[in-house]
Number of protein chains: 2
Amino acid sequence: MDEARKIHPHRGEVLMKPLLQNRHFCHGGKVEYYRHASGACQSEMRFSIFLPEKSEYEKLPVLYWLSGLTCSEDIFMIKAGAQKWASELGMILVAPDTSARNTGIAGATESWEFGEGAGFYVDATQAPWSKNFKMYTYTTEELPNLIEENFPALPGVRSISGHSMGGHGAIVCALNNPGMYRSVSAFSPIAAPMQSEWGQKIFTHFLGPESATWRRYDSSELIREAKTMQPILVDIGTKDQFLENQLKPALLEQVARERDYPLKLNYRENYDHSYYFVSTFIESHLRYHAESLDHG
Amino acid sequence: MDEARKIHPHRGEVLMKPLLQNRHFCHGGKVEYYRHASGACQSEMRFSIFLPEKSEYEKLPVLYWLSGLTCSEDIFMIKAGAQKWASELGMILVAPDTSARNTGIAGATESWEFGEGAGFYVDATQAPWSKNFKMYTYTTEELPNLIEENFPALPGVRSISGHSMGGHGAIVCALNNPGMYRSVSAFSPIAAPMQSEWGQKIFTHFLGPESATWRRYDSSELIREAKTMQPILVDIGTKDQFLENQLKPALLEQVARERDYPLKLNYRENYDHSYYFVSTFIESHLRYHAESLDHG
């Protein structure tokens, strides 16, 4: 079968292995970029992966990283500086694109807050979005299965983190799936999306107007109803330009306090929403995840 | 005087202080972006600076970073991950843009290898380039003067490094000015530009066809004639896509060997020309510079 058909599968065709697009040596290991046919998103999807040198000799745990609005699969590998620590700690890093691309859906590329590049890690239920915008299933099922089948990843030994929309995604994926991730953390998460304009806009389009269906994708609501108490580590900058209007960590803190939920939320004086902030604290997050991932 | 006039000065107007454009907290310090009116380039110029927290209390040494073709003042601060080490070592980082911009010169923006974004750290002598393309004077005189006047920089305590075109620039600036920089290093430098297409094209446009005038901007030629023997540290990846055709480190090695010149050239197995490579070895370069900069 030719390569073009692999990545644009016809109906009924079996999904193929991810195709390597680029490889760069970095901190003793390799940053690789892949594309593959996604069953969940009925579309091509892309992701990056960092394979430490140690992965040539043994299977390693995986930290999944979910990026924010407008980002694709390369930003984290370029800007966060995580590879040094992943190499040292023996951890694979996987960063998917933030949505399907080239969907052809009217309006899908008109706003940076919604549509392509802004999948919000939910499974859309409303037409026309429901065909391609299934980032929740992609992130929690298809991607980890694909990684564990095709790379030297220890089966089931996973943690998850992310930034902004991706911080929201990381918490939502972990809280909805107790036991799936060894640990969860977030930078600058959209912590109460039902109370923010970004969240309301996306939920209305993807899930429809009935807000009862939004709850499973709202970190604060999930903490309110959580049956298990997996600790969550969050870092947010006090000069984050989206702090009050969109991220709303105070609501997350409040519900965690009410339930005595193990949320560790660090406000970092003077830091903003950028990857200058993420790169400053990524080492501490990777060390946090390594503690959970190291216990086999 | 209004801000607009400060950055677009009229003839005879005194050059003004650099204007802050953006500030991001990072690794305990600040990444700041500035623009200013450049006398050398008769144009607005831009640079970024990283000020470690320590610079709030005392003056610090400065490492100048020169970027490569197509880059501007932000790439190094975004991609190299140097701020962590600069913070730890107490070192200011300064990264200028790679040329004047918006010069309006015909052909200045048509090629990524030449013109705007590709000033090559030379002083152009040929019209129409000679008006704005004076990156050598800008880098070795105007910028350090401006930094030492406006920021907490230890006067005269400087080192220099860079990548690709900027690695060439760093070596050329240091070898032409013995005593000006405490130490010099380069990643993937264009090491013998008189023997490469990139160098020949730029030198012909900026300096004219007489190759005798090119020599002072060619690292290999400068080592051949050097009267002082300042050590040079170079790292190059063995999978660098420009290694044989444009960078030509073998010529630099050969002339250094002939003269017993203290060149330390590390070939790094499997690494390419990208900032994935730079980010891997930037810590070792900053520690190398810190050794020279620490001795007051």
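Modeller: Let us begin with contact: two residues are in contact if their C-beta atoms, placed from the backbone, lie within 7 Å. Not counting residues up to four places away in sequence, Phe277(B) touches Phe25(A), Phe187(B), Gly237(B), Arg268(B), Tyr271(B) and Asp272(B). This is a predicted model, in which local features need pLDDT of at least 70 and side-chain atom pairs count only at pLDDT 80 or more, while totals for chains, interfaces and linings use all residues. Residues are numbered from 1 along each chain as its sequence is written, and chains are lettered from A and ligands numbered from 1 in the order in which they are written.

Biologist: Why is Phe277(B) called buried?

Modeller: A residue is buried if 20 or more other C-beta atoms lie within 10 Å of its own, exposed if 12 or fewer, and partly exposed in between, with C-beta atoms placed from the backbone. Phe277(B) has 25 other C-beta atoms within 10 Å, and is therefore buried. The residue is found in helix H10 of chain B; helices (H or I, at least four residues) and strands (E, at least two) are DSSP runs, numbered from the N terminus.

Biologist: Why does Asp294(B) count as partly exposed?

Modeller: Asp294(B) has 13 C-beta neighbours inside 10 Å, so the label is partly exposed. Asp294(B) lies in the segment after H10 of chain B.

Biologist: What makes helix H10 of chain B a bent helix?

Modeller: The bend at a residue is the angle between axes fitted to the seven residues ending there and the seven starting there. For helix H10 (residues 275-293) of chain B, that angle is about 45° at Phe281(B). Phe281(B) is also among the buried residues of H10(B), which include Ile282(B) and Leu286(B).

Biologist: What makes up the interface on the side of chain A?

Modeller: Contact joins 15 residues of chain A to 16 residues of chain B. Strand S1 (19-26), helix H2 (75-79) and helix H10 (275-293) of chain A each supply at least two residues of the side that touches chain B. The residues on that side divide into six nonpolar, seven polar and two charged. Here Ala, Val, Leu, Ile, Met, Phe, Trp, Tyr, Cys and Pro count as nonpolar, Asp, Glu, Lys and Arg as charged, and the others, Gly among them, as polar.

Biologist: Why does the radius of gyration of chain A agree with that of a compact globule?

Modeller: The radius is taken over C-alpha atoms, and the globule rule is 2.2 Å times the number of residues to the power 0.38. For 296 residues a compact globule would have a value near 19 Å; chain A has 18 Å, which agrees. Buried residues make up 54% of chain A.

Biologist: What makes the peptide bond from Ala127(A) to Pro128(A) cis?

Modeller: Its omega is near 0°. Pro128(A) is placed in the loop between strand S5 (92-96) and helix H4 (135-150) of chain A.
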